[in-house]
Amino acid sequence: MKDLFQELHEQHQAYLTRRHFVQKGLMGLGAMALGSLLGCGDQASNLSALKNPLIARAAQFAPKAKRIIFLHMAGAPSQLELFDFKPDLHKLDGQDCPDSFLEGKRFAFIEGVPKMLGPQTTFGRYGESGAYVSELFPHFKEVVDEVAFLKAVHTDEFNHAPAQLFMHTGFPRQGRPSMGAWVSYGLGSENANLPGFVVLVSGQSAPSAGKSAWGSGFLPSVYQGVQLRSQGDPVLNVSNPDGINRDIRKQAIETISQINQLQYQEVGDPEILSRISQYELAYRMQMTVPEAMDLSKEPAYIHELYGTQPGQTSFANNCLLARRLAERDVRFIQLFHRGWDSHGSNEFEALEGGFLKRCKEVDRPMMALIKDLKQRGLLDETLLIWGGEFGRTPMRENRGGKVAPFNGRDHHSEAFTMWMAGGGVKAGITYGETDEFGYFGIKDKVHVHDLQATILHQLGIHHEQLTYEFQGRRFRLTDVHGHVVHDILA
Amino acid sequence: MSRLLLMIFLISFLGMMGFVFWPSQADSIDFNTQIRPILNNNCLSCHGGVKKNGGLSMLFREEALLPTKSGKHAIVPFHPEQSELLHRIAHHDPEERMPPESDPLTQEQIHLLTKWIEQGAKWETHWAYQALNPQISLPEVSSSWIRTDLDRFVLESLQEEGLSPSEEADPLTLLRRVSLDLTGLPPSQKEVESFVAHPSPEAYEQAVDRLLASPHFGERWASMWMDLARYGDSQGYQKDPARNIWRWRDWVIHAFNEDMPFDQFTIEQIAGDLLEAPSDLQLLATAFHRNTMNNDEGGTDNEEFRVSAVIDRVNTTFEIWQGTTIGCVQCHSHPYDPFRHKEFYQLYAFFNNTADADRPDEFPTEFLMSPAQEAEVGEIISWIADHDSIPIDDLPGSLFADESVVWSHSPFNFAVSCDPCGGANGRLGDGFEYLRRISSGTQIRYSNLDLTAVDSLFVQYLGGNGSGRVDIRLDNPTAQVLRSLQLPPTNAWYGQSVLDWKEAGTAIPVQDGIHDLYLTFSNETNKGSVADFLGFYLQSSSAADAHQVRKKFLQLATVDAGKTPIMRELSPENSRTSRVFERGNWLVHGDTVYPNVPQVLNSFPTDFPANRLGLAKWLVHPENPLTARVIVNRFWEQMFGIGLVETLEDFGTQGEKPSHPDMLDWLASNFIHQQQWHVKHLLKEIVMSATYRQSSAVTADLLERDPANRWLARGPRIRLSAEQLRDQALASSGLLDTKVYGPSVMPSQPDGIWQVIRNVMKWTPSEGSSRYRRTLYTYWRRSSPYPTMMTFDAPSREFCVSRRVRTNTPLQALTTLNDSTFIEAAEALANRMQVEGGSTPSDQLKYGYYLTMNKAPSPEKAAILDQFYLQTIAHYSQQPEELEALLGSSSSASPEYASLINVANVILNLDEVITKE
């Protein structure tokens, strides 16, 4: 029998070697993007990486997920009306908030001593996992056994824009790369004919953090998310001008390439060959992008499943688009659906108003996306993440010290619910727990940086090693924090 | 045998080996080339400025010689056998051996470290921190290839590498290259013709001199400087509202055009306000450091963002002038370079004493009108002087908005006794002030007014808060109201990008003689602020041209000349104390610090003031080892596509080494001493060299030997920048508006680009030729910059970025193929081809190529274009609906024109066109 100690030693050596390789490899990527490795090392491969910064690259270790679909509920839905069932909160309904919740806390709008607000809906337990789901999600409850609920997620920020930036860039202010940009930088794109990082926006308007939520920060701008727009060109300039059809465009690109070939023969600059291939790629994208965005050819049962109507800008359409992009190997698919900011200050921002509409808008598509990915065998390799940028308070908002006209809750950074599905995450579990009022996480808390570390981990990236040197410092998505939440991984 | 004895034995054995195998290195060890790389790559990440594992740091000699936590000394000079470092790197046990979890150091490395300690373990200053040698001798090489001294350095390295220079590029390629490099524009047709018509050895130099004197020279170099200065027309952060700072861009363009010496350029931007009796323009120059972001979001802590702006000023200053990544010293000492944590805050102290404080109004600001507007103001002022008795000189001259006395006047001056007047007053230009946000009940008195023949009164105002009212009284503040004037709400308050001054008027009974007038503002619904009050105007039928002057004045008042944020030092009694932020946390204060510069650099002269002015003068002091090297390298990189030091932003030990160290120092030293900091002289030196003039064609062999062209055996061949690319398309097609200077413009941009941000501002496409102004004038909103700029690798300008990483992507192809500006350019180019290009299609195609490349296409290329033309003309002849889709149904809609548009579009997408060759 092989000596156990020896085996352990060998494993350790293998690990160290791989880690060394990976670390150098990733640093190399950064250096290549800057072109600073030129003149040393393997010039040919450096040159090719310079030519195509989006070329697909191997992960550091075997990934569990090939791609990400992040469903961001911008404005932050109330966990207390959706997943975090707190019957005890009923009992306190209308009573003054205990001091312990208020001491040393800052709120966006709550002033003085607010009243507690009981759950505004009823809950049931569903599936074999017996997960709590609100009656507001009658469709989603069908798929709870595919989902891992994180009940005690917490963040550092309690205003929308900073918290959204924090969720997507790991930092509350502009200037840092978004998660999708980091992933594109680290792994490139699997589909040469589509962007590797796309953004789909629905709801009230774009998220308050704006484009920085999918920006490339200090990374080269080639890594920024490409917003696929539902009005006008889905990708800027992807359509030919009126009167220049695809045949003419093809001839034009052939003409350009022929002359570029001659130029290459004359001056020998390999950049010209790269340019020729980029033009050909552009031509293919003109076909693949509109094709990927065209929902009209989806069969009726799929439209019924999602509740989609081609031509609309809706969360349902974007979920179906997300599946189509996932099928086409787009690496990072970021959805935003805005309109969850239920303060109670007007009907739109009310738990008995706009909130109910938002629930209806997302319920069926969320269910459909999970089922559809599963029936196509894509769920295992696609990691879905759902959630807002923070949660809502168990207290009723009392902006200006007054009773709000509608029921609403203020921003809450201490604990909120997110869920993940597919992509190597345990199915049908609930992780983390909040106190009896849903105020603080009391068990298995997950910080936003932990979530980010976990997402990168599922893609085969060690979050501490995906770095980029800027202003003299190596930056990473998780700053100097973050732990992979191994307990939720299958 | 004890471990120690074993090690001593081993080391002496290694020493002997060294003697045998590396006899030459028995000579003195060079720290920078032989030791520093070993320490940087293997030791400093754990034993440097950030981590001091085991109590050891090897960044500074004095630290490295201290006893470590274990009590042992890592390094004992002259005593390798007592130096724990050597024991640990050669340790037989991988658990004990340094560096951990890595391959052991090579025997050669261990030998070098041993010899180095034996020789006393001397640290040496990193090359970039060593003083410039003002007398670098020129390499002794000779060749007929050499045109300027610069070429000698290049040739020497080429010979060392066994390479030889390329032949000179053909004259027209060279003309295009140097035009794009010096002015960012291709040569005009006229310039090309004159260049071709008068071939002479001097023709190139004459072209260079003409380009250096061009007003477009400043525009091209302002583009570079705007990336460094993180210029934007918006304030950044969440709302990212408008910022009025384009006058600073004009200042930069002008400074480059005037060839302002770079030392002065530096001093005025960093500390123009601290110069003696600064001029308006010197104050304007300081807007450079007001390009930091400003956070207007509710609930944010102004102090936090003020601090963040000051930190950015330190980082930006050190990146631009010192090529030093000082940012990491914010939290801890530099991991690799000799900068200490405390030194960051000593630099911070230079910048921590300005009056700006992340206020929404961007205070302090300077009011400036354009030269043309100022001329108009002058005309109006002299009109007033002719028509009014109050001397202009009595008006306050201060530029600043926080004066306690509020003045206001109109074409007829009036002194104001205004109570209460909340907030700051406004100012439109020399001598034109007005009241901002006056509250309900404010009364304004106008004294000693000759009302003879006056029959009406007009008030010029802005106000968005419901209807206000002005009551007019005669001679007594409590007299009966003579007349009342309603002030209907206007569209805008001051501070928005479009001003919308309105006028309301009433007839008043004629009063002969001298009187006082009292104007009382009120608003029933909003007592906080009634209006912005520009002034009032009295009209009498006798002043014939009054109406015209008034009209002009109102026009002037609607110009968004605006307030440019500038730097202003706090007075001594209000100055701030600067403290170290522990671990970079601005809320955790450490020791108090005072302005000073890092020890490793030239010392701060005692006769320099300890403020920004002193710092600026220190930066351009001839003894500063970095500024000239770093700046010369920046200009070099713009021409050659890669710096002599590739890492423009980092001249520290983690940056790249210079490819031609002596040439860099020679250029830098010349820049200071011979060229007296004149950028035009420096650039001429470069472009006149044989090195610059080489053909950029490359053989497979040379490409393999030197893929990035570090050794300069060929000329630069680089894709144009976003600005050059768009400007060239506009220039070749004849669309370009060559106007220099002025506010930012909004060329066409696809709909919906700005919708993503909160609806604070709207993209309103500029009218007329403004859409075709040079790209550097395009409105820059940090949260959503112009898409073409972003697609072609521009940074967002939230922070200083030294280098644009050049990428090559399909989105770039889609932009130059389909973006509306490039399509318009193709249409205009096609029109020129048709109208000016001769009678045959073939001639017209050649002409199109000539307009963009300044030369005829090769016969093969011309044939390919002809072929495409034939394909398209067949297409449009057979498919009239396509023709109509492209051109509409106008009379000029011919298949020929449609085909030319397609050919022009192809030409504008050729690699040779989008590349500087």
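How many helices and strands does chain A have? In this predicted model, chain A has 12 helices and 17 strands, and buried residues make up 57% of its 490 residues.

**Chain A and its contact with chain B**

- Among the contacts in chain A that link residues at least 6 apart in sequence, 75% are between residues at least 24 apart.
- Where the two chains meet, 63 residues of chain A are in contact with 69 residues of chain B.
- On the side of chain A that touches chain B, the helices α1 (4-34), α2 (43-51), α7 (246-267) and α8 (270-293) of chain A each supply at least two residues, and α7(A) gives the most, with 12 residues.
- Sorted by class, the residues on this side of chain A comprise 26 nonpolar, 27 polar and 10 charged.

**Nonpolar cores**

- In soluble globular proteins, nonpolar side chains tend to be buried together.
- The largest nonpolar core of this model has 190 residues, and those with the most contacts inside it are A148(A), L150(A), A322(A), I333(A), I385(A) and A904(B).
- If residues up to four places away in sequence are not counted, I333(A) touches R67(A), I68(A), I69(A), V198(A), A322(A), L325(A) and A326(A).
- Another core lies apart from the largest one and has 117 residues, among them V154(B), V252(B), F344(B) and L682(B).

**Two helices that cross in chain B**

- Two packed helices are described by the angle between their axes and the distance between the axes.
- The axes of helix α10 (residues 216-228) and helix α11 (residues 246-257), both of chain B, come within 8 Å and cross at roughly 125°, which means that α10(B) is oblique to α11(B).
- The crossing in which α10(B) passes α11(B) is right-handed.
- From α10(B), the residues F217(B), G218(B), E219(B), W221(B), A222(B), W225(B) and M226(B) meet R249(B), V252(B), I253(B), H254(B), F256(B) and N257(B) in α11(B), and this contact has eight nonpolar, three polar and two charged residues.

**An enclosed helix in chain B**

- Helix α18 (residues 612-619) of chain B is largely enclosed by the rest of the structure, because eight of its eight residues are buried.
- The buried residues of α18(B) include R612(B) and K617(B) as well as L613(B), L615(B) and W618(B).
- These buried residues of α18(B) pack against α12 (262-271), α14 (302-322), α15 (341-351) and α19 (627-640) of chain B.

**Two loop residues in chain B**

- W145(B) lies in the loop between α5 (107-118) and α6 (149-161) of chain B, and W145(B) counts as partly exposed because it has 18 C-beta neighbours inside 10 Å, whereas a buried residue would need 20 or more.
- Not counting residues up to four places away in sequence, W145(B) touches D151(B), L155(B), P165(B) and A690(B).
- Although W145(B) and W246(B) are 101 residues apart in sequence, their C-alpha atoms are 45 Å apart in space.
- K855(B) is found in the loop between α28 (841-853) and α29 (859-878) of chain B, and with 17 other C-beta atoms within 10 Å, K855(B) is partly exposed.
- Leaving aside neighbours within four places in sequence, K855(B) is in contact with L172(B) and Y850(B).
- K855(B) and R176(B) are 679 residues apart along the chain, and their C-alpha atoms are separated by 9.9 Å.

Conventions:
Residues are numbered from 1 along each chain as its sequence is written. Chains are lettered from A and ligands numbered from 1 in the order in which they are written. This is a predicted model: local features need pLDDT of at least 70, side-chain atom pairs count only at pLDDT 80 or more; totals for chains, interfaces and linings use all residues. Helices (H or I, at least four residues) and strands (E, at least two) are DSSP runs, numbered from the N terminus. A residue is buried if 20 or more other C-beta atoms lie within 10 Å of its own, exposed if 12 or fewer, and partly exposed in between; C-beta atoms are placed from the backbone. Two residues are in contact if their C-beta atoms, placed from the backbone, lie within 7 Å. Ala, Val, Leu, Ile, Met, Phe, Trp, Tyr, Cys and Pro count as nonpolar, Asp, Glu, Lys and Arg as charged, and the others, Gly among them, as polar. Axes are lines fitted to C-alpha atoms, for helices over the stretch in contact, and angles run from 0 to 180 degrees between N-to-C directions. Angles under 35 degrees count as roughly parallel, over 145 as roughly antiparallel, 65 to 115 as roughly perpendicular and the rest as oblique. A crossing is left-handed if the near helix is turned anticlockwise from the far one by less than a right angle, and right-handed if clockwise. A nonpolar core is a set of buried Ala, Val, Leu, Ile, Met, Phe, Trp, Tyr and Cys residues joined through C-beta atoms within 7 Å.
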